[in-house]
Amino acid sequence: MLRVSHLDVFYGPVQALRGVDLQVGRGEVVTLVGANGAGKSTLLRAISGLVPAKGTIELEGKSILGWSPESVVQAGLAHVPEGRRIFPGLTVVENLEVAGYSLGYPDRQIKDDIEMVLGIFPNLRSRAKSYGWSLSGGEQQMLSLGRGLMARPKMLMLDEPSLGLAPRLVEEVFRIIAEISKLGTTILLVEQNASMALTVANRGYVLETGQVVRTGPAEELLHDEAVVEAYLGGH
Ligand code: ATP
């Protein structure tokens, strides 16, 4: 589905990614693990065309390097960035509508897709007419994810979807990620909560100072001593 190779990203003189190779197969959940500043968000931003990169980025065999973020979404790859990017002055349903309209989708499809999203997020259905500003942190996070799904992506990249949420909501977010995956969407996930992420993922990549230092099946990384020591709290 996605193939990244020899990817370099510079912010001015600072090299944030160094020769990164990564592949995500159709239907897989793949997670990126790494400390703050390791380059995880930069990798997602480079893939979605938000920062310039050198190397190869292919989606379903086609180069998307240098494409605009809009074109990347149109090609089927949606990015839900860190933080809850919703419109506070719009209701839940309006936030979802705007996501659909901004992609130029027809009314009928937008209506169906809102139903689909509200089906996945029961909490949002009960708050359908509430304004963005009145939602709890967890509800805002669900709405961000829901907005990503409005693009009907083949593949979804999620940056820290559980950040700042209470433990019960973290579990809810991971339940939803598993559900989205079951519905057939390929997922690339960046998470501070590495143990939860590796539990839901098929495979993982460990990034350190802009380089991939380890990759393998999630199950293997969950039991890898160095990974446990550095990212899983040493248990
Ligand atoms: P975090 O979990 O804190 O988001 P991360 O692994 O996602 O960390 P990035 O945000 O991708 O890491 O940052 C990678 C490196 O690039 C860091 O050294 C960071 O300081 C630097 N960096 C990130 N964004 C910029 C920017 N806009 N300008 C300059 N340097 C940046």
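Predicted model: local features only at pLDDT ≥ 70, side-chain atom pairs only at ≥ 80, totals over all residues.
Residues are numbered from 1 along each chain as its sequence is written, local features need pLDDT of at least 70, and side-chain atom pairs count only at pLDDT 80 or more, while totals for chains, interfaces and linings use all residues. Side-chain values use heavy atoms, with hydrogens and water left out.

Q: Which residues come nearest to the ligand?
A: A residue counts as near a molecule if one of its heavy atoms lies within 4 Å of it. There are 13 residues around the ligand, and those that come nearest are Gly37, Gly39, Lys40, Ser41 and Thr42.

Q: How far from an oxygen atom of the ligand does a polar side-chain atom of threonine 42 lie?
A: A polar contact is a pair of N or O atoms within 3.5 Å; within protein, one must be able to donate a hydrogen and the other to accept it, and residues adjacent in sequence count only if both atoms are side-chain atoms. Glycine 37 uses a polar backbone atom, 2.7 Å from an oxygen atom of the ligand, and alanine 38 has a backbone N or O atom 3.1 Å from a ligand oxygen. For threonine 42, a polar side-chain atom lies from a ligand oxygen at a distance of 2.5 Å.

Q: Which helix gives the most residues to the shell around the ligand?
A: Helices (H or I, at least four residues) and strands (E, at least two) are DSSP runs, numbered from the N terminus. The helix that gives the most to this shell contributes 3 residues and spans residues 40-47, and it is α1.

Q: Which strands stand at the edges of the sheet?
A: Two strands pair if DSSP finds at least two bridges between them. By that rule 6 strands form an open sheet with mixed pairing, in the order β6-β7-β8-β3-β9-β10. Each edge strand has a single partner, so one side of it is left without a neighbour in the sheet, and these strands are β6 (77-80) and β10 (211-217).

Q: Which residue in β9 is the bridge partner of valine 30?
A: Strand β3 (residues 29-33) and strand β9 (residues 203-208) run parallel and are joined by 4 bridges. In β9, the partner of valine 30 is arginine 203.

Q: How many residues lie between β9 and β10 in their hairpin?
A: These two strands pair in the antiparallel sense over 6 bridges, and glycine 204 stands opposite glycine 216 in β10. In the turn, threonine 209 has a positive phi of about 35°, and the number of residues between the strands is 2.
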